Amino acid sequence: MTQERRIIAGVYHLSKTFGRHFSLEDINLQVTNGEFVFLVGPSGAGKSTLLRMIYMDDFPASGQVVVGPYVSTRMRRGTIPHLRRRIGIIFQDFRLLDDRSVFENVALAMKVTGTGMGAIKRQVTDILTRVGLYHKRYESPAALSGGEQQRVAIARAVANRPAILLADEPTGNLDAVQTR
């Protein structure tokens with residue numbers, strides 16, 4: 001049975017400036033459920049900036065971003081955490097908490113949404129097994145290689161089964177075997 005296609009995120013006439021220079025100018029993009037979209041371009045082209053605007057860490061100078069019921073031009077700061085519960089984000093620089101174990105880093109994403117400990121233990125165990133890091137669950141992120149840290153970041157991003165997964169160079173620190 002084929003799932004009906006619907007727009008889950010859109011960017012409309014989006015422009016972003018830094019000083020007097022455009023980082024992005026009049027960008028239009030729609031993403032439907034189940035679709036994979038790859039942004040490619042040279043360093044400094046604005047790929048990370050566009051992603052930051054989709055999860056509303058930054059806002060356009062003009063135009064708007066729509067993610068489900070959330071519209072950037074009507075967004076209040078207190079609503080942003082609700083949006084981010086629907087989005088998994090794999091950061092280019094990992095953003096792991098060094099004072100917590102691998103397991104706790106992944107579990108934190110679920111704790112903030114009110115998921116019970118039993119479900120957290122099952123889900124995190126499953127995710128860490130899938131990314132090949134269950135044996136490192138008690139380690140600090142600082143004790144891991146860059147590729148292992150990236151896999152923890154990926155595990156954290158998918159922990160809540162997000163409607164949208166944004167990834168900023170998610171395989172940049174992985175070896176050829178792990179990127180499959």
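Visitor: Over the ring of which residue does the charged end of Lys 16 sit?

Guide: A charge is taken to sit over a ring if NZ of Lys or CZ of Arg is within 6 Å of the ring centre and within 35 degrees of the ring normal. Here the charged end of Lys 16 sits over Phe 18, 5.5 Å from the centre of its ring. Arg 95 likewise lies over the face of Phe 91, at 4.0 Å from the ring centre. Please note that this is a predicted model, in which local features need pLDDT of at least 70 and side-chain atom pairs count only at pLDDT 80 or more, while totals for chains, interfaces and linings use all residues. Residues are numbered from 1 along each chain as its sequence is written, and side-chain values use heavy atoms, with hydrogens and water left out.

Visitor: How is an aromatic pair described, and which residues form the aromatic pair here?

Guide: A pair of aromatic rings is described by the distance of the centres and the angle of the planes. Rings of Phe, Tyr and Trp (its six-membered ring) pair if their centres lie within 6.5 Å; planes under 30 degrees apart count as stacked, over 60 as edge-to-face and the rest as tilted. A search of the whole structure finds one such pair. Tyr 55 and Phe 91 form it, edge-to-face, with 5.9 Å centre to centre and 90° between the planes.

Visitor: Which parts of the chain does the pair tie together?

Guide: Helices (H or I, at least four residues) and strands (E, at least two) are DSSP runs, numbered from the N terminus. Tyr 55 lies in the loop between helix H1 (47-54) and strand E3 (62-67), and Phe 91 in the loop between strand E5 (87-90) and helix H3 (102-111), so the pair ties together parts that are 36 residues apart in sequence.

Visitor: Is Tyr 55 buried or exposed?

Guide: Buried means under 20% relative accessible area, exposed over 50%, and partly exposed in between (1.4 Å probe, protein chains only). Tyr 55 counts as buried at 5% relative accessibility, and Phe 91 is buried at 16%.

Visitor: How many residues does the largest nonpolar core have?

Guide: In soluble globular proteins, nonpolar side chains tend to be buried together. A nonpolar core is a set of buried Ala, Val, Leu, Ile, Met, Phe, Trp, Tyr and Cys residues joined through side-chain atoms within 4.5 Å. The largest has 23 residues, and Val 65, Val 67 and Ile 87 have the most contacts inside it. Apart from it lies another core, of 18 residues, including Met 110 and Val 131.
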